[in-house]
Amino acid sequence: MDIKKGKVAILLSGRGSNFEAIYNNSLKKDSNFQIEIVVSDKKKARGLELAEKFGIENHYIPPRKFETREHYEKHLIQLFEQKNIGLICLAGFMRIITGILIAGFRNRIMNIHPSLLPAFPGLNAQGQAIGYGAKISGCTVHFVDEGMDTGPIILQKDIKVMDNDDEDSLSIRILKEEHILYSKAIQLYFDQKLKIEGRKVTILP
Ligand code: GRF
C-alpha cells in the first residue's frame with residue numbers, strides 16, 4: 001500500500017455500488033486515495049461482502065450494541081482515528097449522524113445524494129423528482145453537516161429527466177453518474193483543492 005495516499009473510511013448500509021466504484025477508482029494509476037476500512041450498520045449489507053472480497057478491513061457495527069448514539073459515534077471516531085482516516089465517505093449509509101461524529105471529523109465527511117440539492121433531500125430523491133415533474137435532476141456530493149442533506153455542496157452533475165422515465169430508469173442513470181462524481185470529489189479533497197468558506201466550496205485550480 002502506498003503510504004502517501006489519503007485514507008478513506010466508508011460507512012454504508014446496503015448494496016455498496018458507490019463503495020465499489022470508489023474502490024475501483026482508487027486502484028487507478030493516478031488515484032491519490034485508498035479505502036482503509038468499511039463499516040456497515042447492517043449485517044447483511046452487500047457492501048460488506050464486497051469489502052471482504054476486495055480484502056479491505058470491514059466491520060458490522062450496529063448502533064444498538066451501544067448505550068446511546070453518542071457512544072456509537074465515539075466508537076467510530078476512535079476506530080477511524082486509530083487508522084489515520086483523512087475522510088469518511090457515507091455511501092448509502094441509512095442513518096442520520098449526530099454532532100459527535102461531525103465535530104470529530106469536521107469538513108472531513110462527505111455524502112452523495114441522488115438529486116440536485118437542495119431539491120429533493122431525504123429518502124427516495126429520484127421518486128420525488130419524478131413525482132414533482134422535474135425536467136432535470138442529478139446527483140450531489142456534499143460535506144456533511146448537522147442537517148439532512150444540507151452540507152456545503154462540492155460537486156453536482158445534472159441529468160435530464162425523460163418523459164418516459166420512472167423512478168427506476170432515472171435511478172439507474174443517476175447512479176451511473178454517482179459512480180464517477182464521488183471519486184472526483186475524493187480526489188479533489190486529497191489534492192487539497194477544496195476550499196470551504198461557510199456554505200461555499202471553491203475548487204482551486
Ligand atoms: C445512492 O443512490 C446514494 O446516492 C444514496 O444511497 C444510494 C446508495 O447506493 N445516498 P449504493 O449502496 O452505493 O449502491
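Before we look at the shell, we need one convention: Ala, Val, Leu, Ile, Met, Phe, Trp, Tyr, Cys and Pro count as nonpolar, Asp, Glu, Lys and Arg count as charged, and the others, with Gly among them, count as polar. Please also keep in mind that what you see is a predicted model.

With that convention, the residues of the shell around the ligand divide into two nonpolar, five polar and two charged. If you want to find them on your screen, they are Arg15, Gly16, Ser17, Asn18, Gly92, Ile112, His113, Pro114 and Glu178. Helix H1, which covers 17–26, and strand E5, which covers 109–113, each supply at least two residues of this shell.

Now to the contacts themselves. An N or O atom in the side chain of Ser17 is 2.6 Å from an oxygen atom of the ligand, and an N or O atom in the side chain of Glu178 is 2.7 Å from an oxygen atom of the ligand. Taken alone, the ligand exposes 370 Å², and the protein buries 86% of that. The space that the ligand takes is the largest pocket.

Finally, let us turn to Cys89, which has its place in strand E4, residues 87–90. Is Cys89 buried or exposed? Cys89 counts as buried, because its relative accessibility is 0%.

Key. Residues are numbered from 1 along each chain as its sequence is written. This is a predicted model: local features need pLDDT of at least 70, side-chain atom pairs count only at pLDDT 80 or more; totals for chains, interfaces and linings use all residues. Side-chain values use heavy atoms; hydrogens and water are left out. A residue is near a molecule or strand if one of its heavy atoms lies within 4 Å of it. A polar contact is a pair of N or O atoms within 3.5 Å; within protein, one must be able to donate a hydrogen and the other to accept it, and residues adjacent in sequence count only if both atoms are side-chain atoms. Accessible areas come from the Shrake-Rupley method with a 1.4 Å probe; for residues, only the protein chains shown count as cover. On a 1 Å grid over the protein atoms alone, a cavity is a set of points where a 1.4 Å probe fits but cannot get out, and a pocket is an open set with protein on both sides within 12 Å along at least five of seven lines; lining residues have an atom within 4 Å of a point. A molecule sits in a cavity or pocket if more than half of its atoms lie within 2 Å of its grid points. Helices (H or I, at least four residues) and strands (E, at least two) are DSSP runs, numbered from the N terminus. Buried means under 20% relative accessible area, exposed over 50%, partly exposed in between (1.4 Å probe, protein chains only).
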